[in-house]
Amino acid sequence: MISDGYLCGDGSWELRINVTNLKLDRTLRVKGDLHIGGVMLKLVEDLDIAIDWSDHALWWPEKNMWLSRTRSTLDQYGVQADAFLHFTPMHKTLRIQLPDLQFRDCQVDYSCKVFTTIIHLTKDLGIRHPEELSFCRPLVQEQLKRNQKVTNERRNRNENGIHSPNSSMDSTKLSTNSLDKSSPGPGYNFVRTGTPVGTPGSTGTWKANCNNTLSCNGIYNGGLSPTSIHSLSIDCLDGLDVSLVNSPQHVAIETKQSLLRPKSLVEKARMNVAWLDSSLSLMEQGIQEFDSLLLRFKFYTFYDLNPKYDMIRINQIYEQAKWSLLSEELDCTEEEMMMFSALQVQVNLQSTLPQPNYDPSKDDDIDAALTDLQITLEGSIITSSPSDITQVPELAGYLRFLKPKRFTLKGFKRYYFTFKDTSISYYKGKEDLGSQPIQTINLKGCEVAPDVNISQNKYGIKLEVPVPGGMSEMWIRCESEEAYAKWMAACRLASKGKTMADSSYDAEVSSIQAFLSMQHPAHAPAISPNSLDIQPEDYVAPRFIRKLKGRQVATRILEAHANVKDLNLLEAKLSYIKAWQALPDYGVTLFVVKFEGSKKEELLGVASNRLMRMDLHTGDHLKTWRYNTMMAWNVNWEVKQVVVQFEEQNVAFGCLSADCKVVHEFIGGYIFLSMRSKDQNQTLNEELFHKLTGGWI
């Protein structure tokens, strides 16, 4: 007996497939040696409907996987007669909330890795360096009250002969789209702002629905690499939404109410459960069509912030910084909050005024190169090598010193301090310089935090210095703002193993002085409080509103505004970003963990250049490990444990507040970002990113 060209009893069987956009079920008679491309071709012929099927692929819901390699057979994938497959478009509508809280409805590829999706999405949005961003799930406040686990399923598919964690990256590439050779490459997407998510239009394929102003044939605007340093310029902004360059000043009440407001360090750590896995597709992580995701800057190393190419990127970083402060995700002092509010007022005022045009044609090649270099050095954690000079600069002077001890209430004592290389020494007085110091402290690898209150004339530095068994806390207090800037800059460089001979020392001093100068209260506001309608909740974090009266808040903001009233729009945004980066807790991503050999829960802080073991309740640093002493890191998936090997010791811990892959991706991501260089080709190395963040042993 013959059925569908097969002789019954010859090993063929029936395979059920649902065509999702037509809401039809089809049953095909197949053999296990039929390749995936042949299955799709057989299905299309059976449907006999003349539409473009090039964007469709087979999805296996039960196994949560795409059958994306068209040359692999059903047997190789393990597909048998009890399987029920979906023939569905790879590009689907996703609602994305940008860092400035605006929403965009986008067509993205649900079948490729999230990292690839981000690359193409940011290309169309006009944001360079997509490696700094990622997707995270929206959470609600209730979810911060307890540890949540959103575990992404990872399977070694060796039993089906398909995928091994250690296999080549090529083995996970997408379908070759053999049904239509003219189809776009994997990961291509476009931005749509016309069709609401709740009311999807036609059910046809993405080509048929392409109604955007960007190119729909997979060719990038300008024909350049999505990550090329010259792929975006001011000229490209004409084709994009102007609201991405200057975000609306007013945000819907419901959107502001949806912001997470962590009330403790533990809740801040629990927020990081929401990050998606960059090495899996959206569908593999349970993201369905018309779902909402948040697009956020995940890694706090903003490389090569260049106004010529990054108007949108600068604005979105500014907006993410602003909302992180207003939602109290990041803490600051009252004076700092007024400074940030003043800069926000200046941004809002300048956004309604004509801005000076940036005309690169007026600069010759040398001036342009020098300008780019200055912006790069100021906007990135990556600095040039120390300059070779014959004598290393030193600092010396009287400071007040306190080393807290348990059960004592001793105050600050005045000593004579010297700072040389990366070490600080102190004596009873200047006359004792030739004798042995009371103590010499090497600051390499220490934690440095400001303790400043300008209104009280307090300029302190908190140091947490590595000692055997943990960290030793000590405090230094300077007598003037000028002295504070010099000593603080020296301490920060010393913590990174650099001396005051480093070329970045003077810039660091100037940056600290500029940061402090913006916090000085003016004698009188430059603008009358009655001329602006300042709603305190739009400018100031809730804890300061509770402390200060509403009218008093507006007056304080306008007094601080007198210090920044001459900044143009771009300068105000960059000043906001730099001040945000100067906060003590900036760029530290927290996780609740249990270290191997310890029974209590602690915090792990992941920063761009170090890991920190921290107290769960106070946030005190117990131990710091620098990446430059790291030898290897991986994940033991069987026990869900992250293992990091440093020169001095091995560190192992299990993550309680998020999947351990999230922690691993942060560590590997920062290592990847530290390898960026102007001297290298700016094409993004996706394979290297996945090797560093994949977590396979």
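How many bridges pair strand β13 with strand β14, and in which sense do the two strands pair? In this predicted model, β13 (residues 395–402) and β14 (residues 413–420) pair over seven bridges, in the antiparallel sense. One of the bridge pairs joins Phe 401 to Lys 413 in β14.

Both strands belong to an open sheet of seven strands. Its order is β16-β15-β14-β13-β19-β18-β17, and the pairing is antiparallel. The edges are held by β16 (439–442) and β17 (447–453). Each edge strand has a single partner strand, so one side of each lacks a neighbour in the sheet. On average, neighbouring strands of this sheet are turned by 35° against each other, direction ignored.

Another open sheet is also built from seven strands. Here the order reads β23-β22-β21-β20-β26-β25-β24, again with antiparallel pairing. Strands β23 (621–626) and β24 (630–636) stand at the edges. Each of them pairs with a single partner strand, so one side of each is left without a neighbour in the sheet. Thr 589 has Val 606 of β21 as its bridge partner. In general, strands of a sheet pair through backbone hydrogen bonds.

A helix accompanies this sheet. Helix α14 (residues 660–674) lies across β20, β21, β22 (610–614), β24, β25 (641–646) and β26 (650–655). The helix runs at about 155° to β24.

Three further helices, α6, α7 and α13, pack against one another in pairs. Helix α6 (residues 311–326) and helix α7 (residues 334–350) pack at an angle of about 140°, and their axes lie 12 Å apart. The two helices are therefore oblique to each other. Their crossing is left-handed. From α6, the contact draws on Tyr 318, Lys 322, Leu 325 and Leu 326. These residues meet Met 337, Phe 340, Gln 344 and Val 347 of α7. By class, the contact of α6 with α7 comprises six nonpolar residues, one polar and one charged.

Helix α6 also packs on helix α13 (residues 569–581), at an angle of about 50° and with the axes 9 Å apart. This makes α6 oblique to α13. The crossing of α6 and α13 is left-handed. On the α6 side, the contact is made by Met 311, Ile 314, Asn 315, Ile 317, Tyr 318, Ala 321, Lys 322, Ser 324 and Leu 325. On the α13 side, Leu 570, Lys 573, Leu 574, Tyr 576, Ile 577 and Trp 580 take part. Eleven of the residues in the contact of α6 with α13 are nonpolar, two are polar and two are charged.

The remaining pair is α7 with α13. Their axes come within 8 Å and cross at roughly 155°. That angle makes α7 roughly antiparallel to α13. This crossing is left-handed too. Helix α7 contributes Met 339, Phe 340, Leu 343, Gln 344, Gln 346, Val 347 and Gln 350. They meet Leu 569, Ala 572, Lys 573, Ser 575, Tyr 576, Ala 579 and Trp 580 of α13. The contact of α7 with α13 divides into nine nonpolar, four polar and one charged residues.

Charged pairs were also examined. Side chains of opposite charge can pair when their charged atoms come close. The structure holds 31 salt bridges. One of them is formed by the side chains of Arg 128 and Asp 304, at 3.1 Å from N to O. Arg 128 lies in the loop between α3 (114–125) and β10 (133–136). Asp 304 lies in the loop between β12 (292–297) and α6. The pair therefore ties together parts that are 176 residues apart in sequence.

Definitions and conventions:
Residues are numbered from 1 along each chain as its sequence is written. This is a predicted model: local features need pLDDT of at least 70, side-chain atom pairs count only at pLDDT 80 or more; totals for chains, interfaces and linings use all residues. Side-chain values use heavy atoms; hydrogens and water are left out. Axes are lines fitted to C-alpha atoms, for helices over the stretch in contact, and angles run from 0 to 180 degrees between N-to-C directions. Helices (H or I, at least four residues) and strands (E, at least two) are DSSP runs, numbered from the N terminus. Angles under 35 degrees count as roughly parallel, over 145 as roughly antiparallel, 65 to 115 as roughly perpendicular and the rest as oblique. A crossing is left-handed if the near helix is turned anticlockwise from the far one by less than a right angle, and right-handed if clockwise. Contact means heavy atoms within 4.5 Å. Ala, Val, Leu, Ile, Met, Phe, Trp, Tyr, Cys and Pro count as nonpolar, Asp, Glu, Lys and Arg as charged, and the others, Gly among them, as polar. Two strands pair if DSSP finds at least two bridges between them. A salt bridge is a side-chain nitrogen of Lys or Arg within 4 Å of a carboxyl oxygen of Asp or Glu.
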